[in-house]
Amino acid sequence: MQDMDILIIGAGVAGLTCAGLLSRHGLHPQIVEREPQQQFNCTGYMLGLYPLGGRVLNALDARTAYYNQSIQMEYYEAHRSNGALIKSYPLDFINEKYGSYRSITRQKLIDILLANVTPEAVRFDTTVANLEQGNDEVRVTFSEGRSERFDLVIIADGLHSETRDFILDDNEYSYYHTGWGGWVSWLHGNPTTSYKEYWGAGSFLGIYPVKDKVGVFLGGPIDIIKEKGLASFADEVKQMVSPEHELPRQALEACRKDERPFFWDFHDCRTKTWHKGHVVLLGDAATGFLPTAGVGASMAMDSAAALADELSRAHKQHLPYALNLYTQRQKQRVETAQADSRKLAKMIFMKSPVLSKIRNRLLPFYSLQQILSDLSNVMEGRS
Ligand SMILES: Cc1cc2nc3c(=O)[nH]c(=O)nc-3n(C[C@H](O)[C@H](O)[C@H](O)COP(=O)(O)OP(=O)(O)OC[C@H]3O[C@@H](n4cnc5c(N)ncnc54)[C@H](O)[C@@H]3O)c2cc1C
């Protein structure tokens, strides 16, 4: 294996997955992470991982750790805002055919991925102040002022990537805004193995269990819910839920009482190109995801595996060719999965009571494979 000096910007899901896989090929990238070490991996939320992402952990020999820290999901349930079930979709077609569809906290997943890189590989509290491409090299100036040359820079600093601007012009990427957003909170104890969503007109409640607690999402049109504030919006949504549906009522109560809930503005991002010269985009920095379909982390891991694979066979003199192959393999595949999350967002984020009633009536006639048709194609390798 040849030597290649690689820098990864961002110690998130994509960056750490890629670093772990590259180290299995004898390549040991440096990673810079903006967060200081004491604050790193403190923001927790729940992640549903399709086998598309989960299977990458097999290649890191991390299956046991992953299974110990996560639970297999058995059902996805859509409910009316009053709590009544519209339809329950078994996830067995995923679990049996493609691999276990599991739920884990982001913190636990990051811990598992971190175990695959040496502690000295990650430099915390550091970012990139400048990046210049030369002949077959990239000269990087770090935030503390030091400069270093690399054969390759992998930009994996997430949906709001700042370092993307070093290689892309403003017209080479765009954000897609849904106008909706929401708070993420936790309900302790009593996890189930079903994802439960409550689709209202102008409101959305999601209940996503992980191993020992339950992640809660409460969302709606941003302008309205921000004006109302979390407590009064949670009360309003709770009033719609019939008393016999205890779980959503408890979830809303937990959300209401949370003093430091995480607010998520539901938008995603697409870029026109994933690489220029010796710099490449990975994960959300390349194509970011809406929460619907819950597939951003899985696609980030799937792409990290494809990039590590192409790099394992590349010679540093022909890196742009390897990056081109990676882009050919992944860009359309990832955008196809993203299309499903946009389609689902249009279906879920509805303000009109009439339209949401029609949606709720029609939903039982559709299978999950039909609703997630693009993602099914991605899982089948058809895109
Ligand atoms: C509340 C919430 C729920 C979600 N639920 C799901 C789900 O159920 N299933 C799913 O598949 N996906 C889900 N996602 C999406 C998923 O988290 C992302 O798609 C995934 O984390 C993308 O990985 P990434 O490595 O590209 O970005 P991130 O995981 O966001 O990592 C980016 C890293 O880069 C660092 N960074 C940022 N800027 C800089 C900089 N300038 N310099 C250095 N470092 C920097 C950040 O601190 C971070 O560590 C969810 C996201 C959120 C916010």
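Buried, in these legends, means under 20% relative accessible area, exposed means over 50%, and partly exposed lies in between, with a 1.4 Å probe and protein chains only. The model is predicted, and local features need pLDDT of at least 70, side-chain atom pairs count only at pLDDT 80 or more, and totals for chains, interfaces and linings use all residues. Residues are numbered from 1 along each chain as its sequence is written, and side-chain values use heavy atoms, with hydrogens and water left out.

View 1. At 16% relative accessibility, Asn41 counts as buried. Asn41 belongs to the loop between β2 and β3 (46-49), where helices (H or I, at least four residues) and strands (E, at least two) are DSSP runs, numbered from the N terminus.

**View 2. Asp136, in the loop between β9 (128-134) and β10 (137-142).** Asp136 is not a glycine, and yet its phi is positive, at about 60 degrees. With a relative accessibility of 46%, Asp136 counts as partly exposed.

**View 3. Helix α1 (residues 13-24) and what covers it.** The expected span of a helix is 1.5 Å times one less than its number of residues, so the twelve residues of α1 should span 16 Å, and the 17 Å between its end C-alpha atoms agrees with this. Ten of the twelve residues are buried, so α1 is largely enclosed by the rest of the structure; among the buried residues are Val13, Gly15, Cys18 and Leu22. Their cover includes the strands β1 (6-9), β2 (30-32) and β12 (152-155), together with the helices α3 (56-59), α6 (106-114) and α10 (296-312). Just after α1, Gly26 has a positive phi of about 80 degrees.

**View 4. The packing of α1 with α6.** The two helices, α1 and α6, pack at an angle of about 25 degrees with their axes 9 Å apart, where axes are lines fitted to C-alpha atoms, for helices over the stretch in contact, and angles run from 0 to 180 degrees between N-to-C directions. That angle makes α1 roughly parallel to α6, since angles under 35 degrees count as roughly parallel, over 145 as roughly antiparallel, 65 to 115 as roughly perpendicular and the rest as oblique. In this pair, Val13, Leu16 and Thr17 of α1 meet Arg106, Leu109, Ile110, Leu113 and Leu114 of α6, contact meaning heavy atoms within 4.5 Å. The residues of this contact divide into six nonpolar, one polar and one charged; Ala, Val, Leu, Ile, Met, Phe, Trp, Tyr, Cys and Pro count as nonpolar, Asp, Glu, Lys and Arg as charged, and the others, Gly among them, as polar.

**View 5. The packing of α10 with helix α11 (residues 319-348).** α10 has 17 residues and reaches 24 Å from its first C-alpha to its last, close to the 24 Å expected, and 15 of its 17 residues are buried. α10 and α11 pack at an angle of about 160 degrees, with their axes 9 Å apart, which makes α10 roughly antiparallel to α11. Residues that make the contact include Met299, Asp302 and Leu311 of α10, and Leu319, Tyr326 and Arg333 of α11. This contact divides into eleven nonpolar, two polar and five charged residues.

**View 6. Thr327, a residue of helix α11.** Thr327 is buried, with a relative accessible area of 12%. Leaving aside its neighbours within four places in sequence, Thr327 is in contact with Trp274 and His275.
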